[in-house]
Amino acid sequence: MDGAAGIIAVMAKDISDAAIQEPSSRALPRRGLERLDLMLLCMEALDLNGGEAMVWLSEQLGYGSLFPNRVELWKRRCHNPLRRTCRRGEVPASETDALIRILCVMADRLYPMLRSLLSSNEPEEVARERWALFQQRLGELVQERMNPRRSGVQKLLDPSDGAAQRLQLVRGLSLCAGHGGFDRIKASLMDAVA
Amino acid sequence: MVQSAAMKQRLVFDQLSCRLQVDGLPDVSVGQSGTALGIITGWSLQWVGRPLLEGRREHLQALMQVVFPYARHLISGVRRDFSVAGEPVDIGPHAEGGHRLLLRSSQPDTPPLEMRLDDAELADLVRVLDQLRLDPRLQLPLAVPEPEPLGPRELLERIPLRRRLTAPLGGAAVLAVSAALVLLLPPPPQPPLAPPAAPASEATPAGSRP
C-alpha cells in the first residue's frame, strides 16, 4: 500500500500542477454527468472496494476540500438523472474535473482488468466468464442505485441490448486511463446532445 | 563522436502488447543537457507477433495525429476513419471488427502495411503514446490535436445510415400511402340544387319605379 501511496502522491502533485494551469471551464451537461456516474459505477463493478478506493483517492489527490467525506462525493454523483434519488442543478466544473481525475486514476489502476475484458487473445470461455461477472456486478449496482423506470436503465440491464453499452463504457475507460486520458474523456463528456 | 554517443538518450515505454522506443539527443543549441531529449533521431514500435515499425520524427507525429483523435471519437462511440493528407498513417474501424492501422512506407516499391488491432491493443498504443507525450524528458513540441467536444452532426455518425434513414423514409412512406388512400375515397354526395329564384325586377310593380 506504501508503494501505491507513493505513486499516487507523485500523481497528485502532477495533477495539482495541471489543475493550476487549466483554464476555467464549463460545467458538464446532464448527459455528461450521467455517463461520468456510469463510468464510476463500472469502476465499482470491477473493484469490490471501488467505493472506498474513490474516497481514498479523493484525499490522496488533494480533493479533500471538495469532497470532505463520502456523502459529499455521493451527492455529486446523484446529479446523474438516472439515479433513484436524482439531484437537480449544475455541478461546478472544479468538482466534475475532480471526479474525472479520480475516474482516470482508478481506470489506470484497474487497466489490467479493463484490458483483459477487451482483449481478443483471451480464451473465449474465460472472456465470457469475465464479462458475465462484470455484467452481474454492474447489474446489481444499477438495480440498487438507479431508477428502474428509466428506459436507459432498462436497456443497460438487458443482457443482450445492454452488451453494446457495457462494451462502450469499458472501452471508454481503457482509453481514458491515466494522465493523458483526462482531456479525452472530458471532451467526450462535454459532447452535444445528438 | 564519443561525446555524441554519451549524450544519446533512449526512452522506452512498455505495455503488454507493444513497446515504444524513442532515440534522440538533447538539443544543446537551446541549452538542453542531461536526460533531456530535444531531437528525435529515430523510433521503433514493437508489437508482439507483428513486424517492427520504425521511422523518423515526422512518422511518429503522424501516428499521434491520427491515433489520438480516433481514440477520442471512440470514447464518444463514433467510429470513423482518420487520416491526414500526405501523411503515411491512416486509422479506422476494421470491416471484420477491431481497428485497422495502415502504414505507408516512404521506401519505393514497398506495399502499405495493414495491421488489425483489437480494443486492448489500441488502448496499449494510446497509452504508450500518452506516456511519451507527457514524459518530462521529452522536451520538444509534438503537435497533437486538442480533444474537442463533438457536435450533434458528428454524433449522428454513431447511428448506421440505414437506421438513421429508417424513420424519415418510413414517415414519408406512411404520408404518401395516407394521401393516396384519401384520394381514393369517393367524394361526398352533392346536395340537390334549389330551384332558381325569380328575378327581383319582375316581381317589382311597374308603378313603384321612380
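Is the crossing of α2(A) and α5(A) left-handed or right-handed?

Mentor: Happy to! The model is a predicted one, where local features need pLDDT of at least 70 and side-chain atom pairs count only at pLDDT 80 or more, while totals for chains, interfaces and linings use all residues. Residues are numbered from 1 along each chain as its sequence is written, with chains lettered from A and ligands numbered from 1 in the order in which they are written.

To your question: α2(A) and α5(A) make a left-handed crossing (the near helix is turned anticlockwise from the far one by less than a right angle; clockwise would be right-handed). Helix α2 covers residues 30-46 of chain A and helix α5 residues 93-109 of chain A, and their axes come within 10 Å, crossing at roughly 30 degrees. Helices here are DSSP runs of H or I with at least four residues (strands are E, at least two), numbered from the N terminus. Axes are lines fitted to C-alpha atoms, for helices over the stretch in contact, and angles run from 0 to 180 degrees between N-to-C directions. The two helices are therefore roughly parallel to each other (under 35 degrees; over 145 is roughly antiparallel, 65 to 115 roughly perpendicular, the rest oblique).

On the α2(A) side, the contact uses Leu36(A), Met39(A), Leu40(A) and Met43(A). From α5(A) come Thr96(A), Leu99(A), Ile100(A), Leu103(A), Met106(A) and Ala107(A). Contact means C-beta atoms, placed from the backbone, within 7 Å. By class, that gives 9 nonpolar residues, 1 polar and no charged ones (nonpolar: Ala, Val, Leu, Ile, Met, Phe, Trp, Tyr, Cys and Pro; charged: Asp, Glu, Lys and Arg; polar: the others, Gly among them).

Now turn to another neighbour of α2(A). Helix α7, residues 124-145 of chain A, has an axis that comes within 9 Å of the α2(A) axis, and the two cross at roughly 125 degrees. That angle is why α2(A) and α7(A) are oblique to each other, and this crossing is right-handed.

Methods: Contact = placed C-beta atoms within 7 Å.
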